[in-house]
Amino acid sequence: MSDQRPGSAPGAGAAPAPSFAIRDERFHRTRDFWRRFRRRPIGVVSLIVLLLILFAAIFQDVSARHDPIAQDIEALFATPSPDHFLGTDNLGRDSYARVIFGARTAMQVGVVSIIIGLAAGLPIGLLAGFWGGRRDEVLMRIMDALFAFPSILLALIILVGLGNSGIDRLTLVSIAIGIPFIPGFARIIRGSTLSVKEQEYVTAAAAIGASDLRIAARHILPNTLAPIIVQASLLFGVAVIVEAALSFLGLGTQPPEPSWGLMLAQAQRFMVTGEFAKIQLALYPGFAISITVLAFNLIGDVLRDLLDPRLRGAD
Amino acid sequence: MKAFIVRRLLATVVVLWVVSALTFIALNVLPGDVAAAIMGPQADPTAVEALRERLGLNDSLLKQYAGWIAGVFQGDLGVSHRTGTEVRDLIGGRIEVTVELGILSILIALIIAIPFGVIAGARPGTVFDYGLTFFAVLGVSIPVFWLALLFVLLFAVELGWLRAIGFTSFTDDPIANLKSMVMPATAIGLTLAGNLARQVRASMVEVLRQDYVRTAQAKGLTPRTVITRHAFRNALIPLVTVLGLQASLAVGGAIIVETIFQLPGMGKLVIDSIFFQEVHAMQALTLLIAAGVALISLLVDISYAFLDPRIRYT
């Protein structure tokens, strides 16, 4: 889309004027995007929620007054009070601080796993689309195979395989979550590559001698940006859930590191008594996961509507 | 059609071969000594070496892989190093638990998704439609294990209607079996229902724009008849395509949910095998589950071509 502008067509006059025009148009498009985004209350609310979670995760010393690991044996299973907003757990640790610190774990794993999935999926998709033929076939069968594993199972065997490798736990978990993301990214990028490759302006660029690398960077990547952003937003939610699931099973983040999944696993042991002070421990981390993932999913939906020109104006 | 099925079958065989290679690489090639992990950090080096020998870890990787695959074709999935039990016997009897859980979850998801999706798709832009979209997104945002815990809190701890853990096989007592399955299957089903409902809604909207629907309306059929006789059935065809993905998600959910409810299925065995470092069991289970998912998507593709005559893969 962005490359159909006359100004960006290679060889369309090397005067400096078009470059201003491009920058100007880019600015307009960004502004246009924000104007349309602001009209989506769901998108705006989700963005605010995510920024709040991100703020809490980054500036946790400001957002939480207590140390998430500090134990207070005077106050085990405390109910919510002005000092402990969300009460304390079985070791007298402040639940609110633990939820806040769990956000950092979730965000960190989310970001790193998306980067891993994209770093591998992008070149694979580009090359498969560019090459076509047998090499494309080989790459895509490998992607199909990765897709055949339920992502949590693939994450589990990667965790087991790399278990003694000396990589720190959080990175390990991020790798295990990121690898199942590779085929999704690769397929999207391959699809865009295939469709863009046939466009006349790409043929024109190739005809005047633009290198494959230049064609990929200038023509194909800008076209894949929108679907990648949408996919990344949706997969971020998946990453948060899978991190919590792995930690819940005792195979992800290890104690005393705070993680929402780990908190739920601990809460599971106490909640059967039916007292509120114990049941509440099973509630807060679950809400934290659900709200975070919900915000990512809703933003992903809004972005898909806004960024996909085919959906523009539909329904 | 025959050519399509043959091609699709061959592709599935290739995918399964890659799956086996990936599984083997993940569990045997990546850094990390299985024998040392089994024996623990304080183990005597000679004992570790003896275990390596016994597990065949000193053979070349290619030989190990070939040995494993040859075994798989003969129904030999290896032996548990801890108990000496055949992995085949460990897995046998657990497949049906996971398959039952998977089928029940997908059924529950469909029972929820189809009516809501059809109504929302027939009335796009209404409050009902927005409500469905919101609940659908909510459904995929709630982690299945938290939903399972909430069910336990409500139905087992508070109300005491159901037992939190325990399993009865269907052949022993069908009613007790279903009682032990209802919470786990509903938890997984609810997390699947969201995406399914959106799929139904989208294809309903699509179908209602078709010419034959307009023809049906033009000849004076009531909106109800148009929807039930003409639109509804065609809107369900695309639903088949997402069943492969749903099966994969259901198995993923089963791994955690079986652990929570102590159901003796393949999912719980996966987790147990990890904690006991049972490499052979892990390998066999992973291959089996991935093969199951690949076969389901093969069947889905073929049945889709049958259901929708416009689809012809060449």
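Helices here are DSSP runs of H or I with at least four residues, and they are numbered from the N terminus. The model is predicted.

**Exercise 1. State how many helices and strands chain A has, and give their order along the sequence.**

Step 1. Count the elements: chain A holds 13 helices and 0 strands.

Step 2. Write them in sequence order: the pattern is α-α-α-α-α-α-α-α-α-α-α-α-α.

**Exercise 2. Find what share of chain A is buried, and what share of its contacts with a separation of 6 or more joins residues 24 or more positions apart.**

Step 1. Chain A has 315 residues, and 43% of them are buried.

Step 2. Among contacts in chain A with a separation of 6 or more, 70% link residues 24 or more positions apart.

**Exercise 3. Decide how helices α2 and α13 of chain A are oriented to each other, and list the residues that meet.**

Step 1. Locate the helices: α2 of chain A covers residues 41-58, and α13 of chain A covers residues 284-307.

Step 2. Take the geometry: their axes come within 9 Å and cross at roughly 140°.

Step 3. Compare with the cut-offs: angles over 145 degrees count as roughly antiparallel, 65 to 115 as roughly perpendicular, and under 35 as roughly parallel.

Step 4. List the residues: from α2(A) come I42(A), G43(A), S46(A), L47(A), V49(A), L50(A) and I53(A), which meet I291(A), T292(A), A295(A), L298(A), I299(A) and V302(A) of α13(A).

Step 5. Sort them by type: this contact has 10 nonpolar residues, 3 polar and no charged.

**Exercise 4. Describe the largest nonpolar core, then follow V257(B) to its contacts.**

Step 1. The largest nonpolar core has 162 residues. Those with the most contacts inside the core include A155(A), L264(A), F145(B) and V257(B).

Step 2. The element that gives the most to this core is helix α10 of chain A (residues 212-248), with 17 residues.

Step 3. Setting aside neighbours within four places in sequence, V257(B) is in contact with V144(B), F145(B), A148(B), P184(B), A187(B) and I188(B).

**Exercise 5. Work out what each chain gives to the contact between chains A and B, and what the chain B side is made of.**

Step 1. Chain B gives 47 residues and chain A gives 42.

Step 2. Elements of chain B that give two or more residues include α1 (2-29), α8 (144-158) and α13 (279-307).

Step 3. The largest share of the chain B side, 9 residues, comes from α1(B).

Step 4. By type, the chain B side divides into 37 nonpolar, 8 polar and 2 charged residues.

Key: Residues are numbered from 1 along each chain as its sequence is written. Chains are lettered from A and ligands numbered from 1 in the order in which they are written. This is a predicted model: local features need pLDDT of at least 70, side-chain atom pairs count only at pLDDT 80 or more; totals for chains, interfaces and linings use all residues. Axes are lines fitted to C-alpha atoms, for helices over the stretch in contact, and angles run from 0 to 180 degrees between N-to-C directions. Two residues are in contact if their C-beta atoms, placed from the backbone, lie within 7 Å. Ala, Val, Leu, Ile, Met, Phe, Trp, Tyr, Cys and Pro count as nonpolar, Asp, Glu, Lys and Arg as charged, and the others, Gly among them, as polar. A nonpolar core is a set of buried Ala, Val, Leu, Ile, Met, Phe, Trp, Tyr and Cys residues joined through C-beta atoms within 7 Å. A residue is buried if 20 or more other C-beta atoms lie within 10 Å of its own, exposed if 12 or fewer, and partly exposed in between; C-beta atoms are placed from the backbone.
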